[in-house]
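Subject: Structure handover

Hello,

Here is the structure I promised to pass on. Please open it first, then read my notes below alongside it.

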Amino acid sequence: MGSTKLISLLFCLLLVISTSAATQKKISREPCKTLVVYFHDILYNGQNAENATSAIVAAPAWGNKTILAEPTHFGDIIVFDDPITLDNNLHSTPVGRAQGLYLYDGKHTFNTWFGFSFTFNSTGHKGSITLAGADPFLEKTRDIPVIGGTGDFFMARGIATFMTDAFEGEVYFRVRVNISLYECW
C-alpha cells in the first residue's frame with residue numbers, strides 16, 4: 001500500500017471516528033424532564049359499556065371476555081384507551097390518553113406486561129411517550145422503561161415509576177406515574 005493510500009485511509013478513519021463521537025448524545029444522571037400523570041382504567045364487565053375504557057380481547061379456555069380468568073388472570077389480554085389526568089380525579093380534564101395493551105403473564109402470581117403510549121393533546125404537551133415492560137403490580141412501586149417518544153418527547157428514554165393509587169375490585173384502577181426522562185432531544 002502506498003503512502004498516499006495509507007494517509008487517505010487514516011484520514012477517512014479519523015473522519016468517521018470524529019463524526020460518530022460528535023453525534024453521540026450524552027445521557028445525564030439527572031432527569032432532563034419529569035412529569036407526573038394519572039391514568040384511569042375502567043374494565044368492561046358486561047354491564048358498563050358506556051363508561052368502559054378497556055376490554056378483555058383474549059382469554060384462556062377456562063375464562064371469558066367479561067370476567068378476568070381465575071385465579072391470577074393468567075392468559076387474559078386487555079386493550080385500553082384510558083384518560084390521562086394531571087391529578088387523581090377521574091373527572092378532571094384529560095391531557096391525553098394511555099393507549100395500548102396489558103396482559104396477565106403470571107401463572108402463579110399476579111403479574112402483567114404493558115406495551116402502550118401516553119398520547120398527549122393538551123396545550124402543555126404534544127406528542128407521545130412509549131413504554132413497554134413488566135408490571136409486577138402487587139409491589140408498591142414498579143419501574144417501566146420509557147423506550148421512545150414523539151413530538152415534545154422525541155426519542156425520549158427514561159423510567160416511568162408506577163404506583164397504584166386506587167382500585168375498585170377488578171373494574172377500576174388508577175395509577176400514578178412519575179416519568180423521569182434521562183435522554184431528551
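**What I found**

Arginine 142 is buried, at 3% relative accessible area. Buried means under 20% relative accessible area, exposed means over 50%, and partly exposed lies in between (1.4 Å probe, protein chains only).

Two notes on how to read this. The model is predicted, so local features need pLDDT of at least 70, side-chain atom pairs count only at pLDDT 80 or more, and totals for chains, interfaces and linings use all residues. Residues are numbered from 1 along each chain as its sequence is written, and side-chain values use heavy atoms, leaving out hydrogens and water.

**Salt bridges**

What does arginine 142 pair with? Its side chain meets that of aspartate 135 in a salt bridge, 2.6 Å from N to O. A salt bridge here is a side-chain nitrogen of Lys or Arg within 4 Å of a carboxyl oxygen of Asp or Glu. Side chains of opposite charge can pair when their charged atoms come close. Aspartate 135 is buried too, with a relative accessible area of 3%.

The whole structure holds three salt bridges. Another one joins arginine 97 to aspartate 81, with the closest N and O atoms 2.9 Å apart. This pair links distant parts of the chain: arginine 97 sits in strand S4 (residues 96-104) and aspartate 81 in strand S3 (residues 77-85), 16 residues apart. Strands (E, at least two residues) and helices (H or I, at least four) are DSSP runs, numbered from the N terminus. Arginine 97 is partly exposed at 27% relative accessibility. Aspartate 81 is partly exposed at 32%.

Aspartate 165 and arginine 174 also form a salt bridge, and their closest N and O atoms are 2.5 Å apart. Is each residue buried or partly exposed? Aspartate 165 counts as partly exposed at 32% relative accessibility. Arginine 174 counts as buried at 14%.

**Overall layout**

The protein chain has one helix and nine strands. Along the sequence the pattern is α-β-β-β-β-β-β-β-β-β. Of its 185 residues, 37% count as buried. Now look at contacts (heavy atoms within 4.5 Å). Among those between residues at least 6 apart in sequence, 46% join residues at least 24 apart.

**Strand S5 and its partners**

Seven of the 10 residues of S5 are buried, so this strand is largely enclosed by the rest of the structure. Strands pair if DSSP finds at least two bridges between them. S4 and S5 pair in the antiparallel sense over nine bridges. Glycine 96 has phenylalanine 120, in S5, as its bridge partner. S5 and S6 are antiparallel as well, over 10 bridges. Threonine 112 has aspartate 135, in S6, as its bridge partner. A hairpin of four residues joins S5 to S6.

**The nonpolar core**

A nonpolar core is a set of buried Ala, Val, Leu, Ile, Met, Phe, Trp, Tyr and Cys residues joined through side-chain atoms within 4.5 Å. In soluble globular proteins, nonpolar side chains tend to be buried together. The largest core here has 31 residues, and Phe39, Phe118, Phe120, Leu131, Phe162, Val177 and Ile179 touch the most other members. Which strand gives the largest share? S9 does, with five residues. Isoleucine 179 touches residues including Lys33, Phe118, Val146 and Ala160, not counting residues up to four places away in sequence.

**Aromatic pairs**

There are 20 aromatic pairs in the whole structure. Rings of Phe, Tyr and Trp (its six-membered ring) pair if their centres lie within 6.5 Å; planes under 30 degrees apart count as stacked, over 60 as edge-to-face and the rest as tilted. Phenylalanine 39 and phenylalanine 80 have ring centres 6.3 Å apart and planes at 15°, so this pair is stacked. Phenylalanine 39 lies in strand S1 and phenylalanine 80 in strand S3, 41 residues apart. Phenylalanine 39 is buried at 0% relative accessible area. Phenylalanine 80 is buried at 5%.

**The disulfide**

The search finds one disulfide (a pair of cysteine sulfur atoms within 2.5 Å). Cysteine 32 is joined to cysteine 184, S to S 2.0 Å. The torsion about their S-S bond is about 85°, so the disulfide is right-handed. Cysteine 32 is in the loop between helix H1 (3-23) and S1, and cysteine 184 is in the segment after S9, 152 residues apart. Cysteine 32 counts as partly exposed at 42% relative accessibility.

Best wishes
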